[in-house]
Structure formats: structure tokens, C-alpha cells
Amino acid sequence: MTKKLFNTIMLIDDNDADNYIHQHVIESAGIASSIIVMDAADRAIEYLKENNNLDIDLIFLDINMPRMDGFEFLDAYDALGLSNKKTTIIVMLTTSISPHDKTLSKKYSVNDFIAKPLTNKSLKEIIDKYTNELI
């Protein structure tokens with residue numbers, strides 16, 4: 001694929017192995033100009049504050065992380081006041097099977113809730129659902 005569907009995708013997960021796998025799946029699909037990998041939600045918030053004009057098209061967010069979990073990230077993200085956040089697709093990418101987590105994610109600006117690991121199939125489903133492109 002030569003056309004990049006996304007300018008920037010951000011992965012937020014405290015598990016290095018998951019980040020490695022998810023980054024590889026995204027890179028293999030060739031859909032993003034850049035991928036930002038963050039190993040902590042609070043670091044992702046700081047990064048976004050420092051780069052507030054950065055256009056992030058898609059965020060894959062884990063729920064269960066130390067220091068700041070995925071929902072705390074969403075609270076802090078909503079408070080940032082970024083101009084482009086209304087167009088950012090947020091996908092909870094998690095091992096959580098809790099119905100409470102899924103219900104709670106709907107109270108935020110979360111577009112989707114999928115199980116880890118990110119696969120070629122689940123990535124294609126996200127792309128098909130949230131873009132007008134087919135891969």
C-alpha cells in the first residue's frame with residue numbers, strides 16, 4: 001500500500017511485548033506515516049501536552065496500566081483541549097473482558113473496544129469501520 005491512511009497512530013500500553021507486536025502489525029499494513037509508542041499513559045499525556053499541534057488519527061489504548069490506567073488517561077485527554085481530538089479514533093485494545101469496562105468506555109470518546117493482541121484481521125476491521133478505504 002503506498003497511500004497512508006493515517007498520519008500518526010499512537011500505541012499506549014505498559015507491556016513492551018504487546019507494543020512490539022502491535023507496532024509490527026501496523027507497520028506491516030503500511031497504513032501510517034508514523035507510529036508513536038508510549039509505555040505509560042501519563043507519559044502519553046505529557047507527550048500530547050508538549051506536542052499539542054500533533055495530528056494523531058488513531059490511538060490504541062490499554063486499560064490496565066500502573067500509575068494511570070486507560071480511563072484516567074481518557075479523563076486527562078479530555079481535559080487537554082486539543083483542537084483535533086474530535087477526529088481522533090480511540091480504540092481500547094485490552095485483555096479486559098469486564099462488561100463494566102466496556103460499558104464505561106462508552107461514556108468516553110472511545111470508538112471501539114477490542115481484545116488484545118491487535119491482529120491483521122482486527123486492524124482491517126478498524127480500518128473498514130472508520131475509514132472509507134479498504135485494505
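**Helix packing**

I find α2 and α3 roughly parallel to each other, a term that applies to angles under 35 degrees. In this predicted model I took local features only at pLDDT of at least 70 and side-chain atom pairs only at pLDDT 80 or more, while totals for chains, interfaces and linings use all residues. I number residues from 1 along each chain as its sequence is written, and side-chain values use heavy atoms, with hydrogens and water left out.

The axes of α2 (residues 41-50) and α3 (residues 70-80) cross at roughly 10° and come within 10 Å. Axes here are lines fitted to C-alpha atoms over the stretch in contact, with angles running from 0 to 180 degrees between N-to-C directions. Helices (H or I, at least four residues) and strands (E, at least two) are DSSP runs, numbered from the N terminus.

I listed the contact (heavy atoms within 4.5 Å): A41, A44, I45, L48 and K49 of α2 meet F73, A76, Y77 and L80 of α3.

**Strand pairing**

I looked up β1 (residues 6-12) and β2 (residues 32-38), which pair in the parallel sense over six bridges; pairing requires at least two DSSP bridges. M10 has I36 of β2 as its bridge partner.

**Backbone exceptions**

I noted a cis peptide bond from K116 to P117, with omega near -5°. P117 lies in the loop between β5 (112-115) and α5 (120-130).

R67, in the loop between β3 (58-61) and α3, has a positive phi near 70°. I count R67 as exposed because its relative accessibility is 57%, exposed being over 50% with a 1.4 Å probe and protein chains only.

Note on methods: Angles under 35 degrees count as roughly parallel, over 145 as roughly antiparallel, 65 to 115 as roughly perpendicular and the rest as oblique. Buried means under 20% relative accessible area, exposed over 50%, partly exposed in between (1.4 Å probe, protein chains only).
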